[in-house]
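Here are some notes to read alongside the structure.

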Amino acid sequence: MEKDDLKKATKCVVIGGSAGSIKPLLQILSKLKASLDFPVIVILHRKNDPRSSLETLLNNGCALPVKEGEDKETLKNGIVYVAPSDYHLLIENDHSLSLDASEKVLWSRPSIDVTFLSAAEVYKKNLLGILLSGANNDGSVGLERIKNMGGKTVVQSPDNAEMPAMPLSAINIFKPDYVLKDSEIAAVINRFK
Amino acid sequence: MITDEEMEMLLYDILEIYGYDFNDYAKASFKRRLNRLITLDRFPSFAEFRFRLKDDKEYFNRFIEQITVNVTEMFRDPDFYQTLRKEVLPILSTYPFIRIWHAGCSTGEEVFSMAIILKEANLLHKSILYATDINAKVVTQASTGVFNMMHMKQYTENYNLSGGIHDFSQYYTAGNNKVIFDQSFKNHMVFSTHNLVAESSFNEFQLIVCRNVLIYFEKDLQAKVFNLFDESLERLGFLALGNKESIRLSPANAKFKQVGTEKIWRKMI
């Protein structure tokens, strides 16, 4: 085995959120251990604004470096990747990222489902999927696939979400492993093996 | 959902029968396009999809139309067009004749956007825009200069943000849910199919625009296409890429220097 392969991610965490998800996301990122041995990928529905400073906002108070995911970049452990606005983010078998500017899915680009489905194919049981607050039903099909491929799934509790539609739409189609308050989610990531 | 092995078989069939090589396309997005097409055309199984594709040349045309991504806008990323207006066109204006290549032109929205900024810089009369795509259907559509009315509000906003100073509606005639752009623009355009994967350089240009095409290619194919662009650019010519694309990781990078913060590079040697 090449030395580089040892550093390459063998498991992964994906987090999806829409309206009302910035606050829980900041809460989660602020509690992550600095020594995670897997990458974290964040898909947020966001406005297509080149001057957006979402990465800066998320970097503040997170022990791990937060960066925008780049085309062909190989995922590394202990880094938080954010999907760029106006592109879908997919994961290749060699654990590198691919961007895709194709049609919106459920009026969204980036689409949470697109990344979740792609990550489920690559990481199978070594994947933890988390779905946060949101006002539409993106993410539920992808999260269900993660579960069906043997991965772990977490949904923000609808009572705790500013916009419960997205968590509810997931809970309505399958039974996630955990339904948790935003303050409880970081612990699941830190324990993820 | 098709498996990696099924996709490999299909890629082999397509190369063998039709001579199109998709082997170096980024697999995750290509697989997604395949699954999308299988669902869209309601094939009950992968086997039936494969059989139809092998057996029916007409269906292969549809495959090419659907497998490639044709999402585009006029003045997509207005800041990019503003940089073209401010940094690139003033340099191009010093040439007696301007040749521009839109590689992967899709349905032509960006080609007409370019024609408009050239006209506003008083350069269109000495410019020629070559617009190519692997997909013959979109090239034909691009050559009409007819676009859907639905998006005109967005395009007008983009145009204004790009530094446009005129009333955008002066460039088109509206009717029947369609808008028809000033047909005289077409006197400065040449439309043709061209496959970046297999075909070679066909001219020398001062500006090559290839936006949101290279993201669908694997790294080695990207490097190959950058070499093709290098061969097709005059010294001091410009290469313009999509907002999330870069020449940085490819060997051709050594010859290029980025212009400002937009995804525009200049060939230095």
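1. Cavities. A search of the whole structure finds two cavities of 30 Å³ or more, where a cavity is a set of points, on a 1 Å grid over the protein atoms alone, at which a 1.4 Å probe fits but cannot get out. The largest cavity holds about 460 Å³ of space, a volume being the space filled by probe spheres set on the points, which are joined across faces, edges and corners. It is lined by 32 residues, and B:Val69, B:Gly104, B:Asp133, B:Asn212 and B:Val213 are the closest to its centre; a lining residue is one that has an atom within 4 Å of a point.

2. How to read the model. This is a predicted model, in which local features need pLDDT of at least 70 and side-chain atom pairs count only at pLDDT 80 or more, while totals for chains, interfaces and linings use all residues. Residues are numbered from 1 along each chain as its sequence is written, chains are lettered from A and ligands numbered from 1 in the order in which they are written, and side-chain values use heavy atoms, with hydrogens and water left out.

3. What surrounds the largest cavity. The elements that give two or more residues to its lining are α2 (27–40), β1, β2 and β7 (205–210) of chain B, and the largest share, three residues, comes from α2(B); helices (H or I, at least four residues) and strands (E, at least two) are DSSP runs, numbered from the N terminus. The lining of the largest cavity divides into 16 nonpolar, eleven polar and five charged residues, where Ala, Val, Leu, Ile, Met, Phe, Trp, Tyr, Cys and Pro count as nonpolar, Asp, Glu, Lys and Arg as charged, and the others, Gly among them, as polar. Because domain 1 (4–67) and domain 2 (78–267) of chain B both give residues to this lining, the largest cavity lies between them; the domain bounds come from an automatic or database domain assignment.

4. The second largest cavity. Its volume is about 40 Å³, and its lining is made up of A:Asp86, A:Tyr87, B:Arg76, B:Asp77, B:Asn212 and B:Asn243. Sorted by type, the lining of the second largest cavity has one nonpolar, two polar and three charged residues.

5. The second largest pocket. A pocket is an open set of points with protein on both sides within 12 Å along at least five of seven lines, and the second largest pocket contains about 920 Å³ of space. Its lining has 39 residues, of which A:Leu90, B:Lys27, B:Ala28, B:Lys31 and B:Arg32 lie nearest its centre. Here α2(B) gives the largest share of the lining, seven residues, and the lining as a whole divides into 13 nonpolar, nine polar and 17 charged residues.

6. Strand β2 of chain B. Is this strand buried or exposed? Seven of the seven residues of β2(B) (residues 127–133) are buried, so the strand is largely enclosed by the rest of the structure; buried means under 20% relative accessible area, exposed over 50%, and partly exposed in between (1.4 Å probe, protein chains only). Both faces are covered, with B:Ser127, B:Leu129, B:Ala131 and B:Asp133 buried on one side and B:Ile128, B:Tyr130 and B:Thr132 buried on the other.

7. The partners of β2(B). Two strands pair if DSSP finds at least two bridges between them. Strand β1 (residues 98–103) of chain B pairs with β2(B) in the parallel sense over six bridges, and B:Ala103 stands opposite B:Thr132. Strand β6 (residues 189–193) of chain B also pairs with β2(B) in the parallel sense, over five bridges, and in this pairing B:Tyr130 has B:Val190 as its bridge partner.

8. Two loops. The loop between β6 (97–100) and α4 (112–123) of chain A contains A:Pro110, and the peptide bond from A:Arg109 to A:Pro110 is cis, with omega near 10°. A:Trp107 lies in the loop between β6 and α4 of chain A; its phi is near 60°, a positive value in a residue other than glycine, and at 77% relative accessibility A:Trp107 counts as exposed. In chain B, the loop between β4 (172–175) and β5 (178–181) holds B:Asn177, which has a positive phi of about 65° although it is not a glycine.

9. A helix residue. A:Ile173 belongs to helix α6 (residues 165–173) of chain A, and at 41% relative accessibility A:Ile173 counts as partly exposed.
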